[in-house]
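Hello,

Here is the model we talked about handing over. Please open it alongside this note; my findings follow below.

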Amino acid sequence: MLSMKRPGSARLAAAVLASGLFAAGAIATAGPAAADDATPSHGGVTATLGGLKTFDKAVIIDGDKKQGVEAGLFEMKVEGGGTLQTYCIDINNHTQKDATYQEKPWSESSLHNNADAGKIRWILQHSYPQVNDVAALAKTAGAGALTNETAAAGTQVAIWRLSDHVNVEAVNEDAEKLADYLEKGAQNVEEPKASLTLSPAEVSGKSGDRLGPVTVNTNATSVSVAAAQDGIAAGVKIVGADGKPVTTAANGAELFFDVPSGAADGSSALTVQATTTVPVGRAFTSESKSQTQILAGSSESTVSATATANWAKKGAIPALSAEKNCAKGGVDVTARNEGDEPFTFELAGAKHIVEAGKSETVTIPVKEDQAYDFTITGPDGFKKNFSGVLDCKTAGTTTGGTGGSGGGDDKPSSAPSPASAGGSSSATGGGDLAETGSSSATPIIAGVALALVLVGGGTVFFLRKKKAAAAGV
C-alpha cells in the first residue's frame with residue numbers, strides 16, 4: 001500500500017532519506033493498524049470483509065488428525081457501492097472482522113508461484129455461484145443433490161486443494177462429489193485483467209510539457225476523469241493524446257497532465273472512476289493479515305484509480321512508486337527521473353544516483369508476514385511513505401495448532417472475529433471447530449519473529465537498473 005503527502009515542490013536534487021522498517025516493538029500490534037490512512041497503489045476495488053454467508057462443513061485431514069472447518073462464500077461490501085462474493089485461498093489463516101481488502105494481481109498474492117492458479121479460476125467459472133442452477137451443477141458433477149450451501153462448500157474444498165495443496169474433504173457426500181469433479185476437470189486459464197488501473201501511477205517532467213502518458217486499463221465501457229480530491233494546480237489541465245481536455249476515457253486511452261510553461265514547481269493528481277463488474281478470479285489481499293480471497297462473483301461495483309504528476313522548471317524531477325514483489329520476497333521501490341540533472345537518494349544507508357531520463361528500482365527484502373514502513377523525504381516538504389505487510393504465501397498445512405495463530409480454543413462461527421489473524425484451531429477425530437478465522441495471536445508472533453530478525457542481522461539490498469517505462473499491473 002502507498003500513501004503520500006504532496007510536496008511543496010517536486011524538485012528534489014538533495015539526498016532522500018528513508019526511515020527504514022518499523023521498530024520491533026511497534027510491529028507486535030502492526031497487523032490491523034498497518035492499513036490506517038492508506039490509499040490504494042494500483043486502483044480497482046476496495047472492499048470491507050463481511051461474514052461467511054453461504055457455507056457448509058469440511059474437514060482437513062493430516063495423518064490421523066482431523067480439523068473441522070466451515071467452507072463457503074464470503075461477502076464483501078465495496079467502498080462506493082457494490083457487493084463481492086469470494087472464496088478463501090489461505091485455509092490456515094484467519095479472517096479479521098471488517099478487514100479492508102484491495103484488488104491485486106496474482107503477482108502480489110500467494111498465487112504468484114502457484115502452477116494451479118489458472119485451474120482455480122476455471123473452477124470459479126464453472127461452479128457456484130457463476131453456475132447458480134445447483135440442480136444442473138449437481139447433474140454435471142454426478143452429485144445427487146446440491147443446495148447453495150453444499151455447492152459453495154464443494155467449490156471451496158476444490159479450491160483449497162489447489163491453492164493450499166491440503167488434504168481436505170467436504171462433509172456432505174454430494175459436496176464432496178462436486179469437489180472431486182471440479183478438481184479433476186480443472187484446466188489452466190489465464191489470469192483475469194484488472195477492473196481498473198492507471199499505468200504508471202506517477203509521472204514527472206518539466207513545466208511547459210504534457211506529462212505522461214498515464215494509460216487507462218479497465219473492463220468498464222468508460223471511466224470518468226477528474227481532478228483528485230485535493231484539486232489540481234492552477235492552469236494545469238487533464239488532456240488526452242490530442243491535447244484536448246477530457247472528462248471521460250475508455251480502455252487503452254492515454255491521459256496527460258498539461259502543465260503551463262512557467263508554472264510553479266508542484267504536484268497534482270487525477271482520479272478515474274467507473275461502475276463495472278470485477279472479473280472472476282481477481283485476488284484480494286488485506287494489509288491487516290486477513291486471509292487472502294479470490295473473487296467468485298461481483299455486482300456492479302465502484303472502481304477507481306489515481307495517478308500523480310510532479311513537475312519543476314529544472315533540476316531532478318523524480319516520480320516514486322512501490323509495489324510488492326512476491327517472486328523476490330520484498331518490495332520494489334522505483335525512482336524515475338524526468339529532469340535534466342541526476343537524482344540522488346539514500347535508502348537504508350545505500351546511496352543511489354538516477355541519471356536524467358533513467359530509473360532505478362531497489363528491491364527491499366521483507367520477511368513473509370512482516371510489516372514494513374519507510375518514508376522517503378526531500379526538501380520543500382516532500383514526503384512519501386510506503387507501508388504494508390508482505391503476504392505472499394499460504395499459512396501451511398496444520399491440524400494440531402501449529403499454524404499462524406498457534407492454535408487456540410476457537411468455536412464455530414459464520415463471521416470473522418475481531419483482531420484475529422492466522423491459523424486454525426486443533427482437533428482430533430474430525431470435530432467441527434473453526435471457520436477459517438478466529439484467533440488473535442499472529443500479530444504478536446509476527447512482531448516477535450521480526451524482532452529476532454532485526455536483532456540477528458542486517459538487511460541486504462538488491463539493486464537493479466532499468467530504463468524508465470510505465471509499470472503495469
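Pro-213 sits in strand E10 (residues 210–218). Helices (H or I, at least four residues) and strands (E, at least two) are DSSP runs, numbered from the N terminus. The peptide bond from Gly-212 to Pro-213 is cis, with omega near 0°.

Some ground rules. This is a predicted model, in which local features need pLDDT of at least 70 and side-chain atom pairs count only at pLDDT 80 or more, while totals for chains, interfaces and linings use all residues. Residues are numbered from 1 along each chain as its sequence is written, and side-chain values use heavy atoms, with hydrogens and water left out.

Back to the backbone. A cis bond also runs from Tyr-128 to Pro-129, with omega near 10°. Pro-129 belongs to the loop between H3 and helix H4 (134–141). Most residues other than glycine have a negative phi, and most peptide bonds are trans. His-165 is not a glycine, yet has a positive phi of about 50°. His-165 is in the loop between H5 and strand E7 (168–170). Lys-289 has a positive phi too, near 60°. Its loop joins strand E16 (283–286) and E17. Lys-289 is buried, with a relative accessible area of 8%. (Buried means under 20% relative accessible area, exposed over 50%, partly exposed in between, with a 1.4 Å probe and protein chains only.)

Next, helix H3 (residues 117–126). Of its 10 residues, 7 are buried. They are Ala-117, Gly-118, Ile-120, Arg-121, Trp-122, Ile-123 and Leu-124. Their cover includes strand E5 (83–88), H5, H6 and strand E17 (293–298).

How do H3 and H5 pack? The angle is about 175°, and the axes are 9 Å apart. (Axes are lines fitted to C-alpha atoms, for helices over the stretch in contact; angles run from 0 to 180 degrees between N-to-C directions.) H3 and H5 are therefore roughly antiparallel. (Angles under 35 degrees count as roughly parallel, over 145 as roughly antiparallel, 65 to 115 as roughly perpendicular and the rest as oblique.) H3 brings Lys-119, Ile-120, Ile-123 and Leu-124 to the contact; H5 brings Thr-155, Ala-158, Ile-159, Leu-162 and Ser-163. (Contact means heavy atoms within 4.5 Å.) The residues of this contact divide into 6 nonpolar, 2 polar and 1 charged. (Ala, Val, Leu, Ile, Met, Phe, Trp, Tyr, Cys and Pro count as nonpolar, Asp, Glu, Lys and Arg as charged, and the others, Gly among them, as polar.)

Helix H5 (residues 148–163) also packs on helix H6 (residues 173–185), at an angle of about 40° and with axes 8 Å apart. H5 and H6 are therefore oblique to each other. The contact of H5 with H6 has 7 nonpolar, 3 polar and 4 charged residues.

Finally, two residues in the loop between strand E6 (100–104) and H3. One of them is Asn-114. Asn-114 counts as buried, at 11% relative accessibility. Its side chain reaches the backbone nitrogen of Asp-116 at 2.7 Å. Beyond four places in sequence, Asn-114 is in contact with Leu-162, Ser-163 and His-165. Ser-109 lies in that loop too. Ser-109 is buried, at 0% relative accessibility. Its C-alpha atom is 4.9 Å from that of Cys-392, 283 residues apart along the chain.

Best regards

Technical notes:
A polar contact is a pair of N or O atoms within 3.5 Å; within protein, one must be able to donate a hydrogen and the other to accept it, and residues adjacent in sequence count only if both atoms are side-chain atoms.
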